Amino acid sequence: MNSPNHTSPTSCHSLLYVIFISGVAAIGGFLFGFDSGVINGTVSALGKTFNSSSVATGFNVASVLLGCALGALAAGPLADKFGRRSIMIITAVIFAISAFGSGIADSSAEFIFYRLFGGLGIGAASVLAPAYIAEVAPAALRGRLATLQQLAIVLGLFAAFLSNYLIASAANGAEGIFILELAAWRWMFWAELVPAGLFLLGVLFIPESPRYLVAQGQLDKAKAVFGKISNEDAQSQIDDVKQSLHGDKKPSIRDLFIDGKKKIHPIVWVGIALSVFQQFVGINVVFYYGSELWQAAGFDESQSLFINVLAGTTNILSTFIAIALIDKVGRKPLLLVGSIGMFISLSALTYTFGSAGLDAAGKLALSENMGTFALIMANLFVVFFGLSWGPVVWVLLGEMFNNRIRGAALAVAASAQWLANFTITMTFPIMLGSIGLAGAYGFYALSAFISVFFIVKYIKETRGIKLEAM
């Protein structure tokens, strides 16, 4: 394990300022979580409103993820060209348009269009927030501050689950009539307009990333920002960044390839694999299809929506564990503990669903004891994910690449994550109908098992190391 580099302490004023600007950037993560989770309580209502088949309903849910992949892929190069802050402003506007449009949609095609558009914002936020936070945070606190991104994501998920639950309860279901004689599911999407407005307002008050400013040759502006976020000598920090950029050439997507060859740098492949494993353990099946999943396991709609709120709460609490530990025990140990814990809990769920009987309608029927056991194991799975792969992957993606390739490499890795997410999300309804919950969870358990060996062989500890030393 690498020993941390010791840097001069950050003053209280500088620290509060860094927490503020990191917190604003993390609102993008909140919107990412809210927009991802809001679909959960609307799946059945959308299927009935648009008269969709199970495959079409699956695409209604998963369509946003294609936009996410494109948004993530574009955000890195655009942020390298126009700045992190400028693209965050555009992202906030995209979130607002998507939220409003998804709520007014009168056809499946119109709904998919707005969800794809919203996906551009989610994908961009998944790249911009970790990159920006990593570039303004002091090395000794970077893990905790970067974990704000994951905390914001899970808070966004929780807010979506809670607002879905409250709106559905008031309207007697997602299809029920709510305010202004409009269907409740429409208001579930419109609730996102509030955090989107706050994000837009907040971004107007934060500075551009100083490391981006150095890359663009705007040294006076970079010096001013470094002076606000750190007690270290601003000029020496600028010199370190310039040296890490290897000359005056501005960063580009071509930097991902080894000089003179068509081979991608190995570190980029590690980032891609991290992203894919994070999705292949099936966490977003719990968050996107939680209501459908628990109804398939024998719970009614109201109980299923409440279970979503419980899972969201568990996710938040486990993220606080990660915040407390990530700069003390490091990134790699947390990933290992998470993978082993997820494998055990997913294997237990596979056994539970595999041994369950069927009711008269042919649906899965769990006994009261087995239903309770399944709930415990599902929440345990969320705990192990929340203290490890949830936050740690975003922390690593924000810090593991050097200054020259960070924007582009993070974009490629995040895009791969959204494509993996799309694959898992699209295939779950199909697996549910063909191999059942047991088969689906068996695949997720296998992915968690393989991830253990990946961590041991390919992940290096980055705790406390300055970005310029990566």
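## Salt bridges

The count of salt bridges comes to seven, a salt bridge being a side-chain nitrogen of Lys or Arg within 4 Å of a carboxyl oxygen of Asp or Glu. The model is predicted, so local features need pLDDT of at least 70 and side-chain atom pairs count only at pLDDT 80 or more, while totals for chains, interfaces and linings use all residues. Residues are numbered from 1 along each chain as its sequence is written, and side-chain values use heavy atoms, with hydrogens and water left out.

R84 meets D80 in a salt bridge with an N to O distance of 2.9 Å. R84 is buried, at a relative accessible area of 4%, and D80 is buried as well, at 10%. Here buried means under 20% relative accessible area, exposed means over 50%, and partly exposed lies in between, with a 1.4 Å probe and protein chains only. The side chain of R84 also meets that of E135 in a salt bridge, at 2.8 Å from N to O. This pair links distant parts of the chain, with R84 in helix α4 (residues 84-104) and E135 in helix α5 (residues 108-136), 51 residues apart. E135 is buried, with a relative accessible area of 1%.

## A salt-bridge network

D327 and R144 form a salt bridge of 3.9 Å, N to O. The pair joins distant parts of the chain: D327 lies in the loop between α15 (301-325) and α16 (331-355), R144 lies in helix α6 (residues 142-171), and 183 residues separate them. D327 is buried, with a relative accessible area of 11%, whereas R144 is partly exposed, at 33%. Both residues belong to a network of salt bridges that links R144, D327, R331 and E399.

## Aromatic contacts

A pair of aromatic rings is described by the distance of the centres and the angle of the planes. Rings of Phe, Tyr and Trp (its six-membered ring) pair if their centres lie within 6.5 Å; planes under 30 degrees apart count as stacked, over 60 as edge-to-face and the rest as tilted. A search of the whole structure finds 16 aromatic pairs. One of them is the edge-to-face pair of W187 and W190, with 4.9 Å centre to centre and 90° between the planes. These two residues are three apart in helix α7 (residues 184-190), so about one helical turn separates them. W190 is buried, with a relative accessible area of 14%.

One aromatic cluster is formed by F280, F353, Y441, F443 and Y444. Elsewhere, the charged end of K457 sits over the ring of Y458, 5.5 Å from its centre; this requires NZ of Lys or CZ of Arg within 6 Å of the ring centre and within 35 degrees of the ring normal.

## Overall fold and surface

The secondary structure comes to 20 helices and two strands, taken as DSSP runs numbered from the N terminus (helices H or I, at least four residues; strands E, at least two). Buried residues make up 59% of the 470 residues. Among contacts (heavy atoms within 4.5 Å) between residues at least 6 apart in sequence, 81% join residues at least 24 apart.

The protein exposes about 18,100 Å², of which carbon and sulfur atoms supply 68%; accessible areas come from the Shrake-Rupley method with a 1.4 Å probe, and for residues only the protein chains shown count as cover. F20 lies in helix α1 (residues 12-37) and is partly exposed, with a relative accessible area of 41%.
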